[in-house]
Amino acid sequence: MSIKEQVALVKETLLSYPNVKIVAAAKYIGIDQTKELIDAGIYELGENRTDALLEKYDALKEHKIVWHFFGTLQTRKVRDIINKIDYLHSLDSLSLANEINKRATKPLKCFVQVNISEEPNKSGIEAIKVKGFIKSLEKYPNIEVIGLMTIAKLTYDKELLAGYFKSMKKLRDEIMELGLPYAPCTELSMGMSNDYLIACEHGSTLVRLGRILLK
């Protein structure tokens, strides 16, 4: 099955969720397959590594791509990509916020990464600390917190996954209610190839899909 046919199948599974946006996680594919995704109608692409993003950014300049960065962004790498990406999904420290604020030429749309499953080897802020962290971002005019992001535990336990996603939606709603002008926090970046439909059932507005688009 071609990438175009596979993308069409995935879009069909999301017909019940017309407000959910697909971002292709392009970290495992090269330029040619990325072009196939674009030809299939996927114009929002995400990368986990700065060098891979820069390579694709340069190679695909003729296309109108919206660029997302998913991975851990080291402060020393901020200057390399910050004015090339449209969205950052992994804001999780004040040191990173400070560097972004210093290097960005305009406000960057950011998702605060939440370690909702509380796994010690996973990036992100503990749920209990998220509100305080977002309140502390008021002093950074080049950061706009548009939502929360999480990578759920790798499991096929649907009830467990649903619990994580429900908790994320509740936290997102609580932050929205704060009415912070720099943190509208209307979005939820959650759901990957193995769990995206469960995430959509519980409020995701953006799914980060990789291998399921390429089968």
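Good morning. A residue counts as buried when its relative accessible area is under 20%. In this predicted model, Cys 185 has a relative accessible area of 0%, and is therefore buried. Cys 185 sits in the loop between α7 and β7. Its phi is near 50°, a positive value in a residue other than glycine. Most residues other than glycine have a negative phi.

Glu 118 also deserves attention on this point. Phi of Glu 118 is near 55°, again positive in a non-glycine residue. Glu 118 belongs to the loop between β5 and α6. With a relative accessible area of 59%, Glu 118 is exposed.

Thr 150 is buried, because its relative accessible area is 0%. Setting aside residues up to four places away in sequence, Thr 150 touches Val 114, Ile 116, Phe 165, Met 168, Ser 189, Met 190 and Arg 208.

Another loop residue is Asn 194, between β7 and α8. Asn 194 counts as partly exposed, because its relative accessibility is 21%. Apart from neighbours within four places in sequence, Asn 194 is in contact with Leu 154, Thr 155, Tyr 156 and Arg 211. Between Asn 194 and Lys 61, the C-alpha to C-alpha distance is 31 Å, with a separation of 133 residues in sequence.

Finally, helix α5 covers residues 94-103, and its buried residues are Leu 96, Ala 97, Glu 99, Ile 100 and Asn 101. These buried residues of α5 pack against helix α4 and strands β4, β5 and β6. Thank you.

How values were computed:
Residues numbered from 1 in each chain as written. Predicted model: local features only at pLDDT ≥ 70, side-chain atom pairs only at ≥ 80, totals over all residues. Heavy atoms only, no water. Buried < 20%, exposed > 50% of the residue type's maximum accessible area, 1.4 Å probe, protein only. Helix = DSSP H or I, 4+ residues; strand = E, 2+ residues; numbered from the N terminus. Contact = heavy atoms within 4.5 Å.
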